[in-house]
Amino acid sequence: MQFVFLGTGTSMGVPVAGGFGREIPTGDPRDERYRCSAWVKTPQASILIDIGPEFRLQTLRSGLRRIDLLLITHEHNDHIGGLDDLRPFNFAQQGSIPVWTTRACNDALRHRFFYMFGPRQTPGSVDIDIEIPAGPKTFKDCIISPLPVKHGRMDVMGFRINDLSYVTDVNHIPDKTAELIKGSKVLVLSGLRWEPDHPTHFTIPQAIEVANKLDVERTYLIHMASSVIHEETSKRLPDNVMLAHDQLTVEI
């Protein structure tokens, strides 16, 4: 299985619009981050995780040309803002695209993108079929398990796909979810910044602590703010924890 990081940045992206962030112009492309999204490729399946504002650009630079399944973690704009750009995939695949997400996200999508659903559906608009998974499900050659976590007061759904666990926008992992993650070969986990603590996100030290408790072979951090500089931050991380970057491909 191949896992491609399409975007690894926080909700504002890096650099921040207008140059209001604390980013340092390093010249390192790893310090330029689109909003978080990922592409899972197996012999039978092409699976997208989240579909943020840069989705169109992410497909062009990664070569993503088919989506068999879309997994959406939650309803914040940086995770759903590119939904309308599924249209050419519908046209090329000549059919609807299944979407798995939370109940709250389902409601939000139907409200925000009302023109895609029911009697008000605009001809030629995006065609998706939303499902709310209650437990592990088989999809082609993948076993996919929902991983419920908390993002402040919000319910977010991470996903375990075979030996990969993907958890973004999180500041609490319940014990039951931790047990579902254990045994994964790779964990993708958000680590916003070094300090100070944040009310809805793990900081990098907190993410490292969680990775060590879960005893996963490799952990890749995502959802980094503009203050996180790739080269200098990587030197401070333990061997089992790495910063991800846009376009990084991991074999699992």
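Begin with the whole protein chain selected: among its contacts (heavy atoms within 4.5 Å) between residues at least 6 apart in sequence, 64% join residues at least 24 apart. What you see is a predicted model, in which local features need pLDDT of at least 70 and side-chain atom pairs count only at pLDDT 80 or more, while totals for chains, interfaces and linings use all residues. Residues are numbered from 1 along each chain as its sequence is written, and side-chain values use heavy atoms, with hydrogens and water left out.

Next, switch to a cartoon view, where the protein chain shows seven helices and 14 strands (DSSP runs numbered from the N terminus, helices being H or I with at least four residues and strands E with at least two). The radius of gyration, taken over C-alpha atoms, is 17 Å, close to the 18 Å that the globule rule (2.2 Å times the number of residues to the power 0.38) gives for 252 residues, so the protein chain is as compact as a globular protein of that length.

Now colour by accessibility: 54% of the 252 residues count as buried, that is, under 20% relative accessible area with a 1.4 Å probe, protein chains only.

Then select strand E1, residues 2–7, where five of the six residues are buried. E1 runs antiparallel to strand E2 (residues 37–41), to which five bridges join it, and also antiparallel to strand E14 (residues 249–251), through three bridges; two strands pair if DSSP finds at least two bridges between them.

Finally, select glutamine 2, whose bridge partner in E2 is lysine 41 and whose bridge partner in E14 is glutamate 251.

Notes:
Buried < 20%, exposed > 50% of the residue type's maximum accessible area, 1.4 Å probe, protein only.
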